[in-house]
Amino acid sequence: MTGDDNRSGNATYSAPALDRGTNQIGVRLYNERLALSLIRRHGSLPKADIARLTGLSAQTISVIMKQLEADGFVVKQKPRRGRIGQPSVPFALAPGAAYSLGLKIGRRSSDLVLVDFLGGILMLRHVTYPYPTPAGILQSVRSGLAQVEQTLSAEQRRRITGIGIATPFELWNWHEEMGAPQSALNAWRDFDIEASIKAIAPWPVHLCNDATAACAAELTFGIGHRYQDYLYVFIGSFIGGGVVLNGTLFPGRTGNAGALGSLPVPANGEAGRTLTRQLIATASIHVLEKRLLAAGQDPTPLWRSPDDWGDNGPLIEQWVQDVADQLAIAITAAISVIDFGTVIIDGAVPAAIRTAIVERTKAASARIDRQGLSPTDVVEGTIGSVARALGAASLPLLANFARDSDVLFKEAV
């Protein structure tokens with residue numbers, strides 16, 4: 001493994017004395033979660049607006065905000081003047097109210113992030129490898145936890161709400177695409193990553209599919225909160241996605257909702273026959289990696305520097321067009337099942353590449369017969385390559401502070 005941290009990989013995390021579980025720092029009262037969720041969505045809100053949006057009385061909201069402020073979850077901002085009567089005082093979330101860790105296990109790299117209550121990244125460890133192994137991942141996490149102890153004070157560490165893990169499911173099934181020995185990946189079959197992390201960390205652990213976690217990051221910290229229903233696309237080593245319905249992440253029956261990589265798309269067969277293949281076979285970064293290798297070019301910047309691939313050559317340009325063409329077909333199929341008004345596209349790619357994919361996907365979609373389907377906006381995501389790790393870190397925050405999915409607001413928010 002190679003990483004960007006120069007601390008010793010043999011460090012061991014020494015946890016402070018604290019109570020396990022969410023009662024220590026999590027917010028349990030429904031109305032408190034509701035107020036925090038509204039403030040996160042809007043950035044800041046005065047008490048009058050919170051009362052209007054929730055339908056709760058001004059007195060009830062006053063009590064709630066007083067308690068949240070006393071507990072350090074919200075802070076008052078400068079009064080808003082210019083209206084008749086007393087100036088309103090907006091409340092915003094306090095960055096140091098809570099912290100969370102997120103671990104992304106990828107096919108070519110892993111990320112461990114430490115974030116604050118607003119999703120600000122305080123620490124990032126990026127490690128690359130030919131393929132992931134359980135032992136290597138655990139060693140990286142141990143080193144990361146030691147770094148957390150140096151980054152946060154004892155009081156701040158007591159406000160850590162948990163660790164989220166974002167990982168592809170059934171890693172052992174991807175040995176051919178990953179170029180890894182089947183024997184090496186078989187180690188994941190009987191390895192319980194959730195239990196193993198719990199054994200070395202003193203906080204609750206949450207497990208999620210990696211693409212679904214990326215969707216959670218966009219919903220919690222990106223532009224996702226602007227839309228009630230949308231299809232989320234993340235272009236990583238393998239393409240995946242997520243689904244948001246009624247402003248809430250929808251994981252599906254087995255946590256695999258939005259598994260776009262499995263969608264069948266057209267492929268030209270022999271003798272002019274039309275066959276299908278999965279979207280994962282054309283719209284994934286591992287496809288570009290193979291093309292670069294076949295052309296004698298170095299593919300390592302794709303994983304070592306996901307935000308900067310250097311100069312774009314013809315192979316990258318062709319890959320972008322192939323991704324857009326196939327993605328347009330997949331999106332059309334998806335919106336024919338659920339009437340998504342928005343599709344958000346992000347990925348572990350440079351921003352300019354993401355923009356090109358979005359624009360070309362729009363153009364390709366315009367060439368498809370969409371009779372009977374409503375118009376759909378295709379927009380860029382905002383998180384980028386760290387989305388899966390940031391989404392993993394959002395899971396403990398959502399578990400402790402988010403409103404319930406059944407919340408009915410007094411008016412659309």
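This report walks through a pocket, a loop residue, the nonpolar cores and some salt bridges in a predicted model.

## The largest pocket

Let's start with the open space in the protein. The largest pocket holds about 760 Å³ of space. It is lined by 33 residues, and those closest to its centre are Leu219, Thr220, Leu398, Ala402 and Arg403.

Which elements give two or more residues to this lining? They are helix H1 (30–42), strand E9 (205–209), helix H9 (210–221), strand E12 (248–249) and helix H14 (387–401). Helix H1 gives the most, with 6 residues. If you sort the lining of the largest pocket by class, you find 19 nonpolar, 10 polar and 4 charged residues.

## A glycine in a loop

Now look for Gly247, in the loop between strand E11 (239–245) and strand E12. Is Gly247 buried or exposed? Its relative accessible area is 11%, and buried means under 20%, so Gly247 counts as buried.

Who are its partners? Apart from neighbours within four places in sequence, Gly247 is in contact with Arg41, Leu219, Tyr227, Gln228 and Arg403.

## The nonpolar cores

Next, turn to the nonpolar residues inside the model. The largest nonpolar core has 78 residues, and Met65, Trp319 and Ile345 touch the most other members. Helix H12 (residues 314–335) gives the most to this core, with 9 residues.

Leaving aside neighbours within four places in sequence, its contacts include Ile235, Thr282, Leu288, Arg291, Trp309 and Ile357. There is also a second, separate core of 28 residues, with Val127, Trp172, Ala201 and Trp203 among them.

## Salt bridges

How many salt bridges does the structure hold? There are 11. One of them joins Arg159 and Glu155, with 3.9 Å between the closest N and O atoms. The two partners fall into separate accessibility classes: Arg159 is buried at 18% relative accessibility, while Glu155 is partly exposed at 46%.

Another salt bridge brings together the side chains of Glu317 and Arg360, at 2.8 Å from N to O. Glu317 sits in helix H12 and Arg360 in helix H13 (residues 351–366), so this pair ties together parts that are 43 residues apart in sequence. Glu317 is partly exposed, at 34% relative accessibility, and Arg360 is partly exposed too, with a relative accessible area of 25%.

Glu380 is partly exposed at 25% relative accessibility, and Arg354 is buried at 13%. Finally, salt bridges that share partners link Asp346, Arg354 and Glu380 into one network.

How values were computed:
Residues are numbered from 1 along each chain as its sequence is written. This is a predicted model: local features need pLDDT of at least 70, side-chain atom pairs count only at pLDDT 80 or more; totals for chains, interfaces and linings use all residues. Side-chain values use heavy atoms; hydrogens and water are left out. On a 1 Å grid over the protein atoms alone, a cavity is a set of points where a 1.4 Å probe fits but cannot get out, and a pocket is an open set with protein on both sides within 12 Å along at least five of seven lines; lining residues have an atom within 4 Å of a point. Grid points are joined across faces, edges and corners, and a volume is the space filled by probe spheres set on the points. Helices (H or I, at least four residues) and strands (E, at least two) are DSSP runs, numbered from the N terminus. Ala, Val, Leu, Ile, Met, Phe, Trp, Tyr, Cys and Pro count as nonpolar, Asp, Glu, Lys and Arg as charged, and the others, Gly among them, as polar. Buried means under 20% relative accessible area, exposed over 50%, partly exposed in between (1.4 Å probe, protein chains only). Contact means heavy atoms within 4.5 Å. A nonpolar core is a set of buried Ala, Val, Leu, Ile, Met, Phe, Trp, Tyr and Cys residues joined through side-chain atoms within 4.5 Å. A salt bridge is a side-chain nitrogen of Lys or Arg within 4 Å of a carboxyl oxygen of Asp or Glu.
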